[in-house]
Amino acid sequence: MRTILARPICIVVVCLFLSLLFVGCSANSTPEPSETSSPSVMPTPSGEQPVESATPSPSQLPSPSSTTDTDPIKETISRLTLEQKVGQMILAGIDGTAIDSSMKKMIAEQHVGGIILYKNNFSDLEGSAKLVNDLKKANAVNPLPIFMSVDQEGGKVSRLPKDFVAMPDAAKVGRTGNPELAKEMGSLLSQELNLMGFNVDFAPVLDINSNPKNPVIGSRSFGDNATLVTDMGIAAMKGLQEGGTIAVVKHFPGHGDTSVDSHLELPVVRKTTEQLEAMEWVPFRKAIEEDAAAVMVAHILFPLIDPDAPASFSKIIIGEQLRGTLGYDGVVITDDMTMGAISDHYGIADAAVKSVEAGSDILLVAHGYDVAKQVYDKLLQAVKSGKIEESRIDESVRRILVLKSKYQVSDEPVPTPSIDDLPNDEIRQWLARLK
């Protein structure tokens with residue numbers, strides 16, 4: 001069972017989606033929620049143009065990479081309101097295990113482009129799948145499908161219900177030195193997430209565990225040297241992505257040599273660009289070469305590189321280094337902006353605006369409906385006041401929509417999985433090979 005629509009169904013829904021989008025956005029209005037609204041779905045690759053008729057034609061728009069006279073992503077962006085575009089740049093957290101009015105209001109009024117679920121958002125299999133499906137259904141008021149995301153790394157960072165056989169931490173897999181096992185790990189994680197209706201996984205960790213006193217990375221890393229982490233991490237990334245899951249590699253430019261947990265405090269790492277390039281950057285550089293879907297940027301201050309801003313809103317680290325030196329033009333996501341590293345030292349909303357100015361595409365605001373709204377309002381105000389050009393917003397929205405299109409992100413509901421549907425036997429067989 002996959003979140004990706006079968007091609008015939010996807011074709012029909014695409015045509016319906018585009019016709020609704022063109023009418024709705026040109027009228028500068030937001031549709032009211034409807035029990036019968038079609039699932040949002042992105043344009044998918046083909047060489048044909050849509051045919052105007054009362055009955056949807058089985059033709060599809062070309063992907064952004066195809067050589068045609070029109071660019072469907074550009075056309076879609078041109079029909080979005082500024083409010084909808086800003087919303088696409090926010091990935092927000094929720095409270096509770098069942099959908100409620102606060103969640104619906106955030107989706108409808110802030111048009112958030114994604115949702116993240118944490119451990120306390122999960123109940124049993126049935127309840128968890130229902131929550132994901134209900135959130136997707138609530139997104140029917142918006143013209144674009146929503147990212148459903150989670151931190152599912154394995155080991156201590158595992159969020160899914162206990163019905164799934166537990167996956168080990170990256171360190172255990174790393175000790176095998178076998179990238180094929182790491183790739184299978186990514187594939188198994190993707191199978192789990194597909195069953196539950198998720199399309200984004202904040203994994204794998206590409207940090208090198210070079211500091212034994214590191215309180216936050218440790219066993220989440222594949223190892224303590226760049227070669228091992230690169231080989232194993234990229235394999236895990238490929239397993240996830242080939243399974244249809246958007247893998248978000250983290251935490252650029254490297255969280256392995258910190259002695260402070262950025263959830264609680266702002267880490268400071270006194271390394272030069274040359275030192276990072278020789279070690280921390282190695283797995284990220286390879287991930288970019290291997291088509292990393294998205295990169296998460298850490299809340300770490302590198303005073304020898306940028307004394308004024310942590311990596312998550314540093315124009316030097318994001319703009320000049322990640323975008324420039326490493327040539328990454330994919331989606332850049334911040335670590336959670338509500339973490340102590342930001343909230344205790346900078347205004348969250350102000351830092352969010354600075355992050356966009358630096359080159360980030362998605363702001364992760366994982367806790368607090370009020371905080372998510374503050375970030376949304378502040379970013380919207382920054383554009384309306386001219387502090388940020390709308391063309392800069394369009395750059396990020398384009399990257400986001402290209403990613404949603406490539407992975408055929410959809411609001412199609414998933415069937416409620418049973419115990420028999422889970423890949424537990426495959427996981428057990430894989431675990432036996434780790435020993």
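Predicted model: local features only at pLDDT ≥ 70, side-chain atom pairs only at ≥ 80, totals over all residues.
Local features need pLDDT of at least 70 and side-chain atom pairs count only at pLDDT 80 or more, while totals for chains, interfaces and linings use all residues. Residues are numbered from 1 along each chain as its sequence is written, and side-chain values use heavy atoms, with hydrogens and water left out.

**View 1. Crossing of helix 4 and helix 5.** The axes of helix 4 (residues 101-110) and helix 5 (residues 125-138) come within 9 Å and cross at roughly 40 degrees, which makes helix 4 oblique to helix 5 (angles under 35 degrees count as roughly parallel, over 145 as roughly antiparallel, 65 to 115 as roughly perpendicular and the rest as oblique). The crossing of these two helices is right-handed (the near helix is turned clockwise from the far one by less than a right angle).

**View 2. Residues joining helix 4 to helix 5.** From helix 4, M103, K104 and I107 meet L131, L135 and A138 of helix 5, where contact means heavy atoms within 4.5 Å. The residues of this contact divide into 5 nonpolar, no polar and 1 charged.

**View 3. Crossing of helix 13 and helix 14.** Helix 13 (residues 348-358) packs against helix 14 (residues 369-384) at an angle of about 50 degrees, with their axes 9 Å apart, and therefore helix 13 is oblique to helix 14. Helix 13 passes helix 14 in a right-handed crossing.

**View 4. Residues joining helix 13 to helix 14.** On helix 13, I348, A349, D350, A352, V353 and V356 meet V371, Q374, V375, K378, L379 and A382 on helix 14. By class, this contact has 9 nonpolar, 1 polar and 2 charged residues.

Note on methods. Axes fitted to C-alpha atoms, helices over the stretch in contact; angles between N-to-C directions. Helix = DSSP H or I, 4+ residues; strand = E, 2+ residues; numbered from the N terminus. Nonpolar A, V, L, I, M, F, W, Y, C, P; charged D, E, K, R; others polar.
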